[in-house]
Amino acid sequence: VDITMKLRHAIAADQLALYYQPQVDLASGRIVSTEALLRWHHPQAGFIPPDQFIPLAEQSQLIGPIGDWVIRQACRDLRAWHDAGIPVTPVSINLSLIQFQLGSVPNSVHKALSDYDIAPELLTLEITESVFEQHCQALQHDLEALGTMGVRLSLDDFGTGYSSLGHLKDYFFDEIKIDKSFISQLDDNPYPQAIVKAVIVIAEAIGADVVAEGLELTSQIAIVRQLGCSKGQGYHYSRPIPEPRWRQLLMEQT
Ligand code: G
Ligand code: G
Ligand code: MN
Ligand code: NA
């Protein structure tokens, strides 16, 4: 309750920040895109991890304004990089189901893209697979509207949810992210390898890109590449970093 009160003031008090984690082409090691991850620094309580405050934001519906802040901040950053002459890559942001239930997502995205004059294909919306576990009237319609708008849609944490394949039948996704729980087991066991291979084949069949998450070891990178995955992210390449360092990385790559 106390922390929810603090969270209520976090936007106005300028305590939120987007960190950026590179997504790389596994063959060349080049950065091709990035995932924006929300961070909250409270002046007294210190760093509060998203695993703690996102659920509170969802319960209190603060995820509405916080989610809108994330959408706008990603577009603001894209605009700033572009204006600084930095060759930008697409940015992925994470969305919560509650944001769709609150009914604001397509409008917020459309307004942010238009206010900051950002090409829709520079924005990818990650939706975690668990959103499909609860009924949400708006979801199908909103995802279609967002797809029509031209933003990319990504199915996050793939393989961890209930009835993963059903979602691929009912919705269109440009990208599938293989959950890090599969990647962390790749070395030990043939079954995760078989499953990752199958996901890559399914993604190819439906025309979706695949991103391997949680790459920490060169051995994991070698295995996912051998299985046909061309893109990944993880601590091996970089942790999520503050915007100034991300900007530096982008500039160094030119
Ligand atoms: O950054 P980290 O790995 O600690 O993130 C923990 C969890 O918080 C992940 O599931 C991630 O998707 C989620 N998360 C991070 N940033 C955001 C955000 O901006 N919005 C939502 N809804 N979830 C986020
Ligand atoms: O749920 P989602 O995939 O959006 O969350 C991404 C989370 O995974 C972020 O909190 C990020 O900090 C974390 N993450 C990114 N790379 C790695 C990694 O290589 N290993 C582990 N354990 N976590 C990672
Ligand atoms: Mn994600
Ligand atoms: Na994920």
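## Helix packing and ligand shells in a predicted model

Helices H3 and H5 run roughly parallel to each other, a term that covers angles under 35 degrees. In this predicted model, local features need pLDDT of at least 70 and side-chain atom pairs count only at pLDDT 80 or more, whereas totals for chains, interfaces and linings use all residues. Residues are numbered from 1 along each chain as its sequence is written, with chains lettered from A and ligands numbered from 1 in the order in which they are written.

Helix H3 (residues 63-83) and helix H5 (residues 105-115) pack at an angle of about 25°, their axes lying 9 Å apart, and their crossing is right-handed. On the H3 side the contact (C-beta atoms, placed from the backbone, within 7 Å) involves Asp68, Ile71, Arg72 and Cys75, and on the H5 side Ser108, Val109, Ala112 and Leu113.

The table gives residue classes, where Asp, Glu, Lys and Arg count as charged, Ala, Val, Leu, Ile, Met, Phe, Trp, Tyr, Cys and Pro as nonpolar, and the others, Gly among them, as polar.

| Site | Nonpolar | Polar | Charged |
|---|---|---|---|
| H3 with H5 contact | five residues | one residue | two residues |
| Ligand 1 shell | nine residues | two residues | one residue |

Around ligand 1, the surrounding residues (C-beta atom, placed from the backbone, within 6 Å) include Leu37, Pro49, Asp51, Val70, Asn94 and Pro240. Strand E2 (31-42), helix H2 (50-59) and strand E4 (91-95) each supply at least two residues of this shell. Ligand 2 has 14 residues around it, of which Asn94, Gly214, Glu216, Gly234 and Tyr235 come nearest.

How values were computed. Axes fitted to C-alpha atoms, helices over the stretch in contact; angles between N-to-C directions. Helix = DSSP H or I, 4+ residues; strand = E, 2+ residues; numbered from the N terminus. Parallel < 35°, antiparallel > 145°, perpendicular 65-115°, else oblique. Left-handed = near helix turned anticlockwise from the far one by under 90°. Contact = placed C-beta atoms within 7 Å.
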